[in-house]
Amino acid sequence: MILLLACVLWCVAFRCHEWLQSRNRTTFPMPVRAVWLNQGVRALAPCLALALCLMHSPALGVLFWLGLGSVCGVCTSVLMAVLKNKRGRAPAGKPPL
Amino acid sequence: MRDTLRVHMGWLHSWLGFLAGLLLLCIFASGTLAVFDTEITHWMQPEVPLHTRTALTPAALNAAAQAVEASERQGFSTFLSLPSHRDPVLRVLHYDGYEFTGPALSPETGTSFAPRETAGGQFFYNFHFSLRGGDHPGVQLVTFLGLCLLVTLGSGLVIHLKALWPDLVLLRPFGPRPRAWVDAHLIAGVLFLPFILFMAYTGTAIHARVLLPAQSFFSPSPAGPPKKSAPKGRLLQAGPPLPPLAPLITQGRERLHSPDGNLVLFTADDVRIFRSDASGPFLTRDHADFSRKDGHFLRSVTRSSPTVATMQLVRGLHYARYAPLTLRWLYFLSGLAATALAGSGLVVFLMKRRRSSGENAFFRLAEALTLTVITGFPIATLGLFWANRCLPVALTGRIMAEIDLFFTLWTLFAIHALLLCLRRHAAAAWRQHLYCLALAGGMLPLVDLLSGSHPWGDGAMLFVTVDALAFLSGLIALFAAQHLRRPAT
């Protein structure tokens, strides 16, 4: 349960991070107050996740924290890509090659 | 200045990444499977029941001691692996040059379960650190590739530094195909960077001595005749009969504070009981020694210098034998991400050069090699699982038959890839390989079911998980093959 909560916190942090990027301001417009809120959550959520992981296992907490962060990052990126695609405004970007 | 650095780093990242990546992908994939090597061995030895976990009895230990003595008479250096939560049977093992093999005994009665001979999860473990090439050149090559990986990671970081923070979770799978592949490469590389970096560093550090030996390569040989020693896994001469092991193990466990999963090694003079690898992140070699003649306590070695303790931590973190199941799954997923990183890097390398060098013979060779590792290796791996279920249980030399089949399959798919790529039919080769992978993965649960090799009530979760993962890999391959039929946008 603790690890699940840590996962949620990581996902929320990554979601806030992505929404705060200037390229997404047109897709997900937000007022100034929401920007501050997102910045706060982005900074605090990983710290809280670390505290939870250390509570779960003091010796291995950091490993759990890093591992969950990586996995949740991938999950969030896929979800965000699907969400943006559904809104029809996926920033396709120019082909890199 | 920075642009020049980025350009240089780009060149280094591309070429070193591609050349090393061909083998690194196989090393990552086999390492990922080696995280669950014990569980894979359980899947491959369905005769061994997993539902009972009983304390060791003196009768079982006496039977194990007899098996050890019989094995020693054949010249094998044999040891015991005591039951643990992860592997609840008593194993009598010896090293055959590649894997640890031997019978599995009931910890209650000492009767042998007579499991089928199999390469098991040990095969992937051995392949991961030596590519089955032994210390020279296998381990040397893998360690050198670890160094290459560290350089590739560093150069990749320099290239991507500017966009690292804003593009942390940016993925555009619905964009143009090259964009999607680069994004996948970056996502896997950046998000799993802590894991990949620390595994690359610890993996290289563990065997750094084979690249940078403490002694000079050209140092004169020491005076006097060379000391006679047995080859790895063999004995020069068997020791005296073993004393009763039960009281020794009880004493040893108390002294080492290690209640289960210990290893018991035998020399001509000593019986050595080792602390379990699962006791903690430090992979110590703490042990309690007893006399082989009468079983009296000799000494215990439980302290390490800071240097040794550092290496124990490096080994412990890399091997992850201490890790609980959740953490092991995180290791597994991170290993998959590292494999995806290498695979997507190889694909991006080819995509970038297809327009300019697609007709070049070296390009076609590079594409064939890429196919061989991205699709050929998983097909051969699934072939090993098929072989385990399809080969006769009582076949003599079964272990080598499985392994030979693995390499034969891999070679056949390499030849197939080479033939089609050189004849400019690379797209067909990709599709055919992916369909074969889909078939091998998708049908494995059926083969397991039809083989009737195990009752589904015993350790069902393990069999279902392995079968489901194979099925999932088949499904992904099928999706990729269907996707390849569509023209690129």
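**Note on the predicted model: chain B elements and the A–B interface**

1. In strand S1 (residues 78–81) of chain B, B:Thr78 and B:Leu80 point one way, B:Phe79 and B:Ser81 point the other way, and all are buried. Buried is taken as under 20% relative accessible area, exposed as over 50%, and partly exposed as in between (1.4 Å probe, protein chains only). Helices (H or I, at least four residues) and strands (E, at least two) are DSSP runs, numbered from the N terminus. In a regular strand, side chains alternate between the two faces of the sheet.

2. This is a predicted model: local features need pLDDT of at least 70, side-chain atom pairs count only at pLDDT 80 or more, and totals for chains, interfaces and linings use all residues. Residues are numbered from 1 along each chain as its sequence is written, chains are lettered from A and ligands numbered from 1 in the order in which they are written, and side-chain values use heavy atoms, with hydrogens and water left out.

3. S1(B) runs antiparallel to strand S2 (residues 90–95) of chain B, with four bridges between them; S1(B) is also antiparallel to strand S5 (residues 263–266) of chain B, through three bridges. Pairing requires that DSSP finds at least two bridges between two strands. B:Ser81 has B:Arg91 as its bridge partner in S2(B) and stands opposite B:Leu263 in S5(B).

4. Helix H2 (residues 37–44) of chain B is mostly covered, eight of its eight residues being buried. Among them are B:Asp37, B:Glu39 and B:His42.

5. B:Ser453 lies in the loop between helix H14 (426–451) and helix H15 (460–485) of chain B. Its relative accessible area is 19%, so B:Ser453 counts as buried. The side chains of B:Ser453 and B:Arg389 make a polar contact of 3.3 Å. A polar contact is a pair of N or O atoms within 3.5 Å; within protein, one must be able to donate a hydrogen and the other to accept it, and residues adjacent in sequence count only if both atoms are side-chain atoms.

6. At the interface, 30 residues of chain A are in contact (heavy atoms within 4.5 Å) with 31 residues of chain B. The rule finds one salt bridge across this interface, where a salt bridge is a side-chain nitrogen of Lys or Arg within 4 Å of a carboxyl oxygen of Asp or Glu. B:Asp167 forms a salt bridge with A:Arg23, the closest N and O atoms being 3.0 Å apart.
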